Structure formats: C-alpha cells, structure tokens
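Have a look at the structure first.

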Amino acid sequence: MLSDTLKNSIQTSYRRFLADHDMKPRYGQKMMIAHIARTLGSIETDEKGERVNGNHLCVIEAGTGTGKTMAYLLSAIPIAKSQSKSLVISTATVALQEQLLNKDLPEVARLLSEDVRYVLAKGRGRYFCISQAEKLLDSQHQTGQIALYEDEIQHQIDPSSLAFYQELLGKFASGEWDGDRDSLASEIEASRWTPLTSDHTRCTNRRCSNFSVCPFYKSRDAMDKADIVVANHDLVLADLSLGGGAILPEPADTIYIFDEAHHLSSKATGHFAYSMRVKGTQRWLKSSVKQLDVMLDECDNNAVLAQYIERMAPARQDIDLALDQLQSNLRAMLIDGVQRPSSERFRFPKGLLPEVMIHSAVEIAAAAEKWMLKAEQIVDVLKEALDGGVPEINRDVAERWYPRMGLMWMRAQSLYWLNKSYAVSDPEGVAPTARWINLIDGSDGLDFECRSSPVSAADTLQEHLWSSCFGAVLTSATMTALGHFNRVISELGLPQDVLCERLPSPFNYPQAAVLAVPRMLSDPGKPEEHTQEVISFLNQNLGESTATLVLFSSWRQMFTVLEKLESTIRSKVLAQGDLTKNEIIRKHKEVIDTEKSSIIFGLASFAEGVDLPGKYLTEVIITKLPFGVPDDPVDATMAEWIEQRGGNAFMEWTVPEASMRLTQATGRLLRTEQDSGRVILLDRRVVTRRYGRQLLDALPPFRREIS
C-alpha cells in the first residue's frame with residue numbers, strides 16, 4: 001500500500017498543477033491517478049527489492065481531454081523513485097515524445113518537490129558512428145567492400161554525398177554538431193544516413209578508438225543517471241529481443257508506461273517478422289565468399305580464421321543448392337502452375353507450406369545455422385584481436401573487419417530465422433504464423449521474397465515483458481473495441497484479471513458536435529459506385545467548408561476523388577503523398593490563420609495522431625468504414641484461425657478492429673473543451689448492417705443526425 005508520505009506527495013503536486021492552470025479537478029484525471037497509484041503502490045517486494053506478487057499491471061482508456069499524460073507522470077514518478085526503480089515512458093509517435101520532453105516533464109519536475117532527471121532514449125540508428133564514417137570515406141580509395149544485404153552492395157559514393165559526409169565529420173570534430181541525427185538543421189534521406197550508423201553486431205564498444213567521444217555511448221551515460229527514460233515502442237521491443245537491459249534499464253527494475261498502447265500489438269508482431277529474397281540471398285552469399293577471402297588475406301592468413309572459413313564452404317554450397325531448388329519449386333508453383341497468384345503476393349492458407357518448401361527451408365535453416373556459428377566465431381577472433389590477444393592480426397585490420405563480419409553474422413541470423421519459421425510447424429492450439437511470397441521484379445528478372453510474421457505477439461510479450469517487468473501501465477484514448485477490453489487483453493497476452501478502467505472524456509459531446517450519416521444510394525461494397533457518390537457529395541458540400549479533414553480508405557479512391565473535384569475546391573486541398581504529414585499540417589494551419597479555407601485529404605495515418613484544435617478543424621468526413629485490407633496476410637491468417645476454432649472472424653476480429661479505427665478517426669474533431677464541429681460518415685452500413693449499431697454505440701456520444 002502507498003505510504004501516507006507518498007499519498008500526500010501525489011495529492012500536493014496535483015493540487016499545485018490545478019492551481020497553476022486555474023483548473024478544477026477533472027473526474028477522469030483524478031480516477032486515473034488513483035488507479036495507477038493503487039496498482040503500482042500495491043506491488044510487494046522482497047528484501048532485495050524484487051517484485052513478489054502479480055498484480056502489477058493496469059490498462060486505462062482515457063478519453064480525449066482527460067489529461068492522461070499529467071495523470072501518469074504525477075502518480076508514477078513518486079512511486080518509481082520511492083521504489084528505486086527506473087521509469088520508462090514508451091510512445092508510438094515522435095510528437096508525443098517531444099511534448100513529454102519539452103512541456104510535460106519540465107512542468108512535473110517543477111511541481112514535484114524532489115529532483116527529477118529525464119532523458120530521451122534512441123536506438124543506435126539515430127546516432128552518428130565516427131568509425132563507420134571514417135571507414136566509409138577511406139573505402140573510396142580501396143576495393144573489396146562488403147555487400148550488406150541483397151541489392152545493397154556499396155558502390156562508389158557520388159561526389160555530393162562524399163562532400164556531405166566529410167562536412168558532417170568536420171562538424172562533429174569541431175563540436176558544431178553532437179552526432180544526433182535529430183539535432184541536424186535539415187532532414188537527411190535514409191539512404192544517405194544509414195551508412196553512417198552502426199548496430200550491436202558491428203559496434204566494437206570500448207575497443208573502438210572513438211569510444212570516448214561516441215555520441216551513442218554518451219547518450220547511454222546520460223540514461224544511466226536518469227530517473228525517467230522516454231523511449232518508443234520499437235526501442236522497448238528491440239531491448240527485449242536482446243534479453244532486456246541491453247539498451248534500456250533492466251525490466252525487473254523498471255516501471256513501464258505505454259502511452260498510445262493500442263499500437264503495441266502491431267509493433268510487436270512486426271518486430272518478429274522475417275524476410276528473405278531468394279536471388280538476393282544468393283548474390284549476398286557470392287559476395288560474402290569474396291569478402292572472406294579478402295579478410296583472410298589482410299589478416300595474414302591467420303590459421304584459426306582460415307579453418308573457420310574453410311568450414312563455411314560446405315554450408316554455403318548447401319544453402320545455394322537449396323535456394324536453387326526453392327526457386328525452381330516456387331516458379332513451378334506460382335508462375336507455371338495452377339496456383340499463380342492474381343496479384344504480386346501469394347499467401348499460404350493457414351500458414352501451411354507444401355512439403356517441398358518445408359524440405360528446402362529445413363536444409364537452408366540447418367546450413368544457415370552452421371554458417372552463422374562460424375561467422376560468430378570469426379567475429380570473436382576479431383574481437384580478441386582488438387584486445388591484442390591475436391598478435392598476428394593487426395589491430396587496425398581487426399577494427400576494419402569486425403563490423404563487416406558483424407553484418408555477415410546478422411545477415412546469417414536473419415536467413416536462419418526466416419527459414420526456421422518456414423521449417424517448423426506452428427504448435428497446436430497456438431496462434432499461427434502468417435507465411436507468404438511476394439513476387440519482386442528486379443534488375444536481373446523475377447525474384448521471390450519469402451516472408452513470415454506471427455499473427456499475435458501475445459505469448460512473446462507475456463514471457464519477456466509482463467512476467468519480468470516490475471510494473472506497467474498501458475493507456476490510450478482508444479484501448480477498447482466495441483466498448484470492451486477483451487481484444488487488447490488477448491492481443492497483448494495480458495492476464496485475464498488485469499485491472500482495466502474506461503475513463504470518460506470531460507467533453508460535452510452532444511452539445512459540442514454532431515455525427516451525421518447522410519442518405520446514400522450506393523453500397524461501399526461496390527467501390528466505383530460509392531466513389532462516384534462521394535465525389536458528388538464533396539463537390540456539393542466542400543465549397544463552404546473552412547477547416548476540413550477528409551479520410552479515405554485507399555489511395556485509389558482518394559486520387560480518383562481528387563481528379564474529379566471542382567477546380568475551386570481542389571485548389572484548397574492538401575493531399576497526403578504530395579507533402580510530408582508535418583508539412584501538410586503546417587500549411588493547413590498557415591492557411592487557416594489567414595482566414596481562408598483549407599481541406600486535408602488523407603488516409604489511415606491522418607486518422608490518428610493529428611492534433612488540430614479549435615478553428616484548425618471543424619469538420620471530419622469519413623468516406624468509408626475503416627475495415628482492414630482483405631488481402632493482408634496477417635489479418636487473413638488470423639481470420640482463418642478464428643474460423644477454424646469455430647468463431648466468427650468478421651465479428652470477432654474485423655469489426656472490433658474497425659471500431660477502434662473509427663473511434664480514432666472521429667477523435668480528430670474535438671481536441672479541447674472549447675472545440676465544436678461535425679463528423680460526417682459517408683457509409684450507410686452503420687445503419688443497414690447488424691454490426692452498425694455496435695460501431696455507433698462504441699463512439700463518443702455525439703449528437704446524431706442520421707437521414
């Protein structure tokens with residue numbers, strides 16, 4: 001239980017917060033503070049400070065305007081500090097991270113009577129690697145560079161990029177730049193930035209000659225001294241995949257706050273997805289053999305390395321032969337045979353592969369594991385050489401080849417995991433793995449991309465996160481589907497008895513906004529007819545609009561509508577794809593500020609995370625219910641599994657997912673208690689279909705106008 005001191009600390013800081021903003025207590029915010037304090041405050045520990053009971057998790061849906069960020073900061077920070085635990089706040093968007101760092105955390109640090117140290121955690125990919133940059137520039141005068149991944153062989157750098165890399169290195173050396181990608185004045189294309197970064201397989205850590213000035217490790221030092229670490233879901237999952245505590249604090253010593261937690265499931269499944277291009281892998285293997293020969297020569301034909309490389313040869317040959325057979329089987333099945341896909345993707349029903357493919361995958365996985373183990377041994381020898389333990393290998397040579405061999409090891413791991421996924425059947429009664437083939441047109445003809453992804457990460461999260469962390473709070477404005485928490489509990493592998501609370505928004509929805517469903521003649525199931533009616537509706541109604549967001553379910557429909565709009569309306573439209581999301585929002589606000597009209601056309605990414613309060617958004621038009629793409633391999637495999645178990649995939653999976661997306665979309669309208677406007681849904685299925693009432697009832701209580 002919370003001590004009186006902690007209770008008083010939380011209550012005092014909350015009163016201070018309300019007084020500073022001249023606000024009255026919000027019911028939802030008070031309840032959220034109480035639920036978090038009750039959950040985290042009831043965690044029992046042993047004499048070592050380790051958690052001994054299981055009631056350490058809670059799920060909270062906090063409606064827009066609740067003030068959830070301040071609620072979890074004011075309650076969780078004092079508890080974490082009292083337990084000597086780190087607090088990791090994980091978000092899904094950069095915008096929320098910026099809000100936390102620039103606004104909310106400085107305010108909370110002022111409100112609390114004790115010192116609060118916080119830091120932003122980023123993956124290595126956001127930081128400049130000095131050694132990689134130096135090697136990259138040096139390599140322009142050398143030959144024999146390593147092929148990173150398929151179709152990613154490094155060629156001669158163009159003069160402008162070369163000058164740019166030299167400029168960056170100079171700015172870092174002079175102290176003008178701290179090595180953080182996000183602190184640069186202008187955005188860098190990923191293709192230009194990626195060669196300047198490192199990862200855990202290539203980094204030599206303290207053995208690196210640039211370790212003392214490394215931007216990434218300087219950030220790690222700051223993290224070690226911080227009470228609060230702001231991260232994102234991807235970084236948390238990456239840390240867990242490395243065993244936990246490799247990037248972020250140890251899970252057992254950490255309280256996690258997952259804000260925007262409705263993204264966690266899709267992030268987790270994507271994190272454990274694998275892919276392999278057949279021809280691309282063969283090219284990589286061929287290039288790797290050449291690289292191994294060059295490395296061995298530069299290492300003066302070290303006997304140990306020579307032995308490892310010699311033992312890799314049979315594995316490479318086995319992989320190559322199995323890939324040839326796999327390619328032949330795929331061509332016979334998908335190009336020449338009766339199973340030729342109607343699109344450039346073929347999904348294996350229920351994730352079940354034909355025996356010939358399983359046989360190839362078994363052979364590739366076995367050979368890739370041997371290759372991977374030898375590559376790891378080579379990495380270990382080079383690491384030992386960096387420490388001076390292999391006198392016959394020059395340290396500079398070892399430092400140059402260590403990251404290259406680390407890449408080879410990582411690539412072999414990826415090859416192994418994809419084929420392991422194809423070779424091993426899913427356990428009975430467990431959510432299956434989606435497996436599919438993409439047909440890729442490359443410079444040397446058709447290539448087959450083999451892909452796999454779990455349809456659920458529930459077991460992984462339960463094992464590596466919920467069971468090991470000290471405590472966790474999962475929150476979002478949209479945690480329920482059709483008004484229930486069942487889906488999020490199932491997707492995330494949370495205990496069935498986890499504390500779940502749905503807190504109301506303080507907004508007066510019936511008074512502030514209308515949800516209108518106008519009369520429509522077409523059925524969205526007939527896309528061409530529906531699109532024509534959408535065009536007609538928008539041409540009739542957008543002329544008088546001032547600040548409107550129109551949400552589409554497909555690029556095709558959006559572009560078709562855009563082409564057929566009247567020119568006076570089209571001139572006001574800012575369409576996704578023409579500019580970045582942030583630039584569209586900036587331009588939209590700029591136009592509204594001049595008291596002119598602006599209309600945003602967008603897809604799913606504009607249905608959430610877009611904050612346009614007050615005059616910047618007074619109307620949201622949703623052209624179609626946001627059902628998932630029918631041919632998405634992961635969703636389709638999950639649907640088959642549900643049906644196989646006697647369920648109704650549409651009602652159990654598709655409709656709840658659409659409910660969450662629809663709630664997110666309608667949530668764009670009201671951002672403050674002073675906002676008002678209209679949500680217009682151009683899809684009559686909420687009225688004509690039996691699931692429509694469920695979708696409507698799960699939405700905020702807008703005043704309804706249904707024709």
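The axes are lines fitted to C-alpha atoms, for helices over the stretch in contact, and angles run from 0 to 180 degrees between N-to-C directions. Helices (H or I, at least four residues) and strands (E, at least two) are DSSP runs, numbered from the N terminus.

Keep in mind that this is a predicted model, where local features need pLDDT of at least 70 and side-chain atom pairs count only at pLDDT 80 or more, while totals for chains, interfaces and linings use all residues. Residues are numbered from 1 along each chain as its sequence is written, and side-chain values use heavy atoms, with hydrogens and water left out.

**Helix pairs**

Two packed helices are described by the angle between their axes and the distance between the axes.

| Pair | Angle | Axis distance |
|---|---|---|
| H1 (residues 4–20) and H2 (residues 27–41) | about 160 degrees | 12 Å |
| H1 and H4 (residues 94–111) | about 120 degrees | 9 Å |
| H11 and H12 | about 165 degrees | 10 Å |

Take H11 and H12: with an angle of about 165 degrees, they are therefore roughly antiparallel to each other. Their crossing is left-handed, meaning that the near helix is turned anticlockwise from the far one by less than a right angle; clockwise would be right-handed. On the H11 side, the contact (heavy atoms within 4.5 Å) includes Val 278, Leu 285, Leu 292 and Met 295. H12 brings in, among others, Ile 309, Met 312, Ile 319 and Leu 330. By class, this contact has 14 nonpolar, three polar and four charged residues. The classes go like this: Ala, Val, Leu, Ile, Met, Phe, Trp, Tyr, Cys and Pro count as nonpolar, Asp, Glu, Lys and Arg as charged, and the others, Gly among them, as polar.

Over at H1 and H2, the angle is about 160 degrees, which makes H1 roughly antiparallel to H2. H1 passes H2 in a right-handed crossing. Ile 10, Tyr 14 and Phe 17 of H1 meet Gln 29, Lys 30, Ile 33 and Ala 37 of H2, and these residues split into five nonpolar, one polar and one charged.

H1 also passes H4 in a right-handed crossing. From H1 come Ser 13, Arg 16, Phe 17 and Asp 20, and from H4 come Glu 107, Arg 110 and Leu 111. Which classes make up this contact of H1 with H4? There are two nonpolar, one polar and four charged residues.

**Cores**

A nonpolar core is a set of buried Ala, Val, Leu, Ile, Met, Phe, Trp, Tyr and Cys residues joined through side-chain atoms within 4.5 Å. Buried means under 20% relative accessible area, exposed over 50%, and partly exposed in between (1.4 Å probe, protein chains only).

The largest core has 60 residues, and those with the most contacts inside it are Met 295, Leu 330, Trp 371, Ile 378 and Ile 437. Elements giving two or more residues to this core are helices H11 (278–298), H12 (303–336), H13 (355–386) and H14 (395–423), plus strands S8 (433–442) and S9 (445–454). H13 supplies the largest share, 16 residues. Leaving aside neighbours within four places in sequence, Trp 371 is in contact with residues including Trp 284, Leu 292, Met 312, Ile 319 and Met 408. A second, separate core of 41 residues includes Met 32, Tyr 72, Val 108 and Leu 111.

**Individual residues**

Not counting residues up to four places away in sequence, Phe 448 touches Met 276, Leu 330 and Ile 437, among others.

Asn 419 is found in helix H14 and is buried too, with a relative accessible area of 2%. Asn 419 and Val 362 are 57 residues apart in sequence and 6.9 Å apart in space, C-alpha to C-alpha.

Arg 277 has its place in strand S6 (residues 274–277) and counts as partly exposed at 23% relative accessibility. The C-alpha atoms of Arg 277 and Arg 347 are separated by 16 Å.

Terms used
Parallel < 35°, antiparallel > 145°, perpendicular 65-115°, else oblique.
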